[in-house]
Amino acid sequence: MELTKFLFSIDNSIEIGIMVNFTRVLNWIKIKLKDNGFSDEDIAKLKKELEVQYGLDKPALVRYGLWLKNIFTLNFGDSITTRAPAIDQILERFPISLAFGIPGFLLSYLICIPLGVVMALRDGTKFDLIASFILFIMYSIPSLVIGVIF
């Protein structure tokens with residue numbers, strides 16, 4: 001009985017392998033026969049244009065220097081999705097980031113540090129145990145949920 005199950009599984013494995021490889025060959029043939037409208041010259045021309053556009057035609061050190069210059073002059077290029085200057089989108093969304101960042105900063109420095117000092121001074125007391133329990137519960141809640149609630 002065990003030999004029959006073994007031979008059946010081997011037979012199924014061989015059939016699956018044949019089907020997968022047959023499908024792979026058919027897809028390869030379909031891709032090779034399909035005319036996508038681009039000649040090899042068109043593809044080479046497009047590749048060269050993209051290399052020039054993104055500076056990939058220059059040596060690595062020159063590209064790195066240009067990248068540093070762009071960073072220091074706040075030239076982040078254009079957005080991939082909107083084709084607008086990226087710095088405009090950053091400045092547009094910066095107040096939202098501040099609205100989430102400043103309360104988190106204030107909570108950590110005005111509440112958490114004094115609470116940590118008090119918990120360290122009262123180690124093992126009822127206050128320490130309750131505060132530790134509440135903090136463990138708070139750590140288990142994702143920060144995104146806390147940010148949306150408050």
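Here are some questions and answers on packing and pockets.

This is a predicted model, where local features need pLDDT of at least 70, side-chain atom pairs count only at pLDDT 80 or more, and totals for chains, interfaces and linings use all residues. Residues are numbered from 1 along each chain as its sequence is written, and side-chain values use heavy atoms, with hydrogens and water left out.

Q: How are H4 and H5 oriented to each other?
A: Their axes (lines fitted to C-alpha atoms over the stretch in contact, with angles from 0 to 180 degrees between N-to-C directions) come within 9 Å and cross at roughly 140 degrees. Angles under 35 degrees count as roughly parallel, over 145 as roughly antiparallel, 65 to 115 as roughly perpendicular and the rest as oblique. So H4 and H5 are oblique.

Q: Which residues in H5 meet H4?
A: Contact means heavy atoms within 4.5 Å. From H4, Leu115, Val118 and Met119 take part, and they meet Phe127, Asp128, Ala131, Ser132 and Leu135 in H5.

Q: Which helix gives the largest share of the lining of the second largest pocket?
A: Helices here are DSSP runs (H or I, at least four residues), numbered from the N terminus. Helix H2 (40-53) and helix H3 (60-72) are the elements that give two or more residues to this lining. The largest share, five residues, comes from H3.
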